[in-house]
Amino acid sequence: MRSMSQLGNDLYTGKTSFPFVGRRRLWFIIAAALVLGSVLVPLFRPIQFSIEFTGGSQFTVSGVSSTDQTTAEDAVHSVVPDAATKVTTVGSDTIRVQTDQMTSAETREVTTALAEAYNVPESEVTASFIGPSWGADVTRQSLWGLAIFLALTFIILGLYFRTWKMSAAAIIGLVDVLIITIGIYALFGFEISPAAVIGFLTILSYALYDTTVVFDKIRENTSEDGEVSGRTFGESVNLAVNQTLVRSINTTVVAILPTGAILFIGALWLGAQTLTDISLSIFVGTIVAAYSTIFVAAPLYSLLRENEPLVKARDERVLTARERAVVPA
């Protein structure tokens, strides 16, 4: 079995090659199915938004001797039986309870019930309220942040690579990452919070970095082709993806190891729930970003360029020369 270094060398020289461009129709069908599925998931399982987006009441119980979350749920339901509750553990002795919007009287009663349930003074229970208007502001600012990020990405990539087609392919790849990641959140019932939104923007930045590295190699290969190259444009793009494949895999593994440790050890094992939102979004998004760069953005760029007159004429010359070079039996 070849080592990773030997595989990387074979991929770089072209001795081994995976048909990322040659089988792009298959990858595009898979990508379209994933995007369509991600869009349809919320119709059957609505996206869960945190209290910062929807508004509601929040209670924090400090100095508890037991962090049993069922105790908090029972205390809230003893006052408001049909209240939707979300209970998380913060640190080693603090419980955070988020509920639907409550009246002032219900808030006081829930505060008393939580204090009695955890056997702490009422002074150790703090209550706060997040109004729906504040949640609407958070949503609007998040969408504006995303729109500005995508717009700046399109402009900067267009200036750097001197072609809008690379920008378009990169942006479509980023949107693909975002839609699929949100679809996974909806499918598994993960909650979208401001921390998760920060994670989404982080993985978009990672996807942009990965795409830029691959596209830079594509530009290098295609600009060096000239009139004497024995490769078509699509073959040069495919070679570039293969040449950067090991780097993409290594970068992805290095990225998901620390976020995976935070998610599975810190959040799920040790119970540090405050780390879950951002680590989960980065963990899922990083894997999706690596897929999108290789199977969507790069093959799409090749598709956008292959019908250009100059590129098409050069490809025809390459294929004609290749046919003439074949010696008949």
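Which residue forms a salt bridge with D216? Select R219: its closest approach to D216 is 2.8 Å, N to O. A salt bridge here is a side-chain nitrogen of Lys or Arg within 4 Å of a carboxyl oxygen of Asp or Glu.

Before moving on, note the ground rules. This is a predicted model, in which local features need pLDDT of at least 70 and side-chain atom pairs count only at pLDDT 80 or more, while totals for chains, interfaces and linings use all residues. Residues are numbered from 1 along each chain as its sequence is written, and side-chain values use heavy atoms, with hydrogens and water left out.

**Stop 1: helix α8**

Stay on R219 and D216. Both sit in helix α8 (residues 194–225), three residues apart, so about one helical turn separates them. Helices (H or I, at least four residues) and strands (E, at least two) are DSSP runs, numbered from the N terminus. R219 is partly exposed, with a relative accessible area of 26%. D216 is partly exposed too, at 28%. The cut-offs: buried is under 20% relative accessible area, exposed is over 50%, and partly exposed lies in between (1.4 Å probe, protein chains only).

Now pick L201, also in α8. L201 is partly exposed at 30% relative accessibility.

**Stop 2: the whole chain**

Zoom out. The protein chain has 12 helices and six strands. Of its 329 residues, 46% are buried. Take the contacts (heavy atoms within 4.5 Å) between residues at least 6 apart in sequence: 76% of them join residues at least 24 apart. Six salt bridges turn up in a search of the whole structure.

**Stop 3: α9 against α11**

Two packed helices are described by the angle between their axes and the distance between the axes. Select helix α9 (residues 233–243) and helix α11 (residues 276–306). Their axes come within 9 Å and cross at roughly 160 degrees. That makes α9 roughly antiparallel to α11. Axes are lines fitted to C-alpha atoms, for helices over the stretch in contact, and angles run from 0 to 180 degrees between N-to-C directions. Angles over 145 degrees count as roughly antiparallel.

The crossing is right-handed: the near helix is turned clockwise from the far one by less than a right angle.

Show the side chains next. From α9, F233, G234, V237 and V241 make the contact; from α11, I294, A298, Y301, S302, R305 and E306 do. These residues divide into six nonpolar, two polar and two charged. Ala, Val, Leu, Ile, Met, Phe, Trp, Tyr, Cys and Pro count as nonpolar, Asp, Glu, Lys and Arg as charged, and the others, Gly among them, as polar.

**Stop 4: E306 and R24**

R24 lies in helix α2 (residues 24–44) and E306 in α11, so the pair ties together parts 282 residues apart in sequence. R24 is buried at 17% relative accessibility. E306 is buried as well, at 19%.

**Stop 5**

Which side chain meets E308 in a salt bridge? Select K165: the N to O distance is 2.8 Å. E308 is in the loop between α11 and α12 (309–324), and K165 is in helix α7 (residues 164–187), 143 residues away. K165 is buried, with a relative accessible area of 13%. K165, R305 and E308 are linked in a network of salt bridges.

Methods. Parallel < 35°, antiparallel > 145°, perpendicular 65-115°, else oblique.
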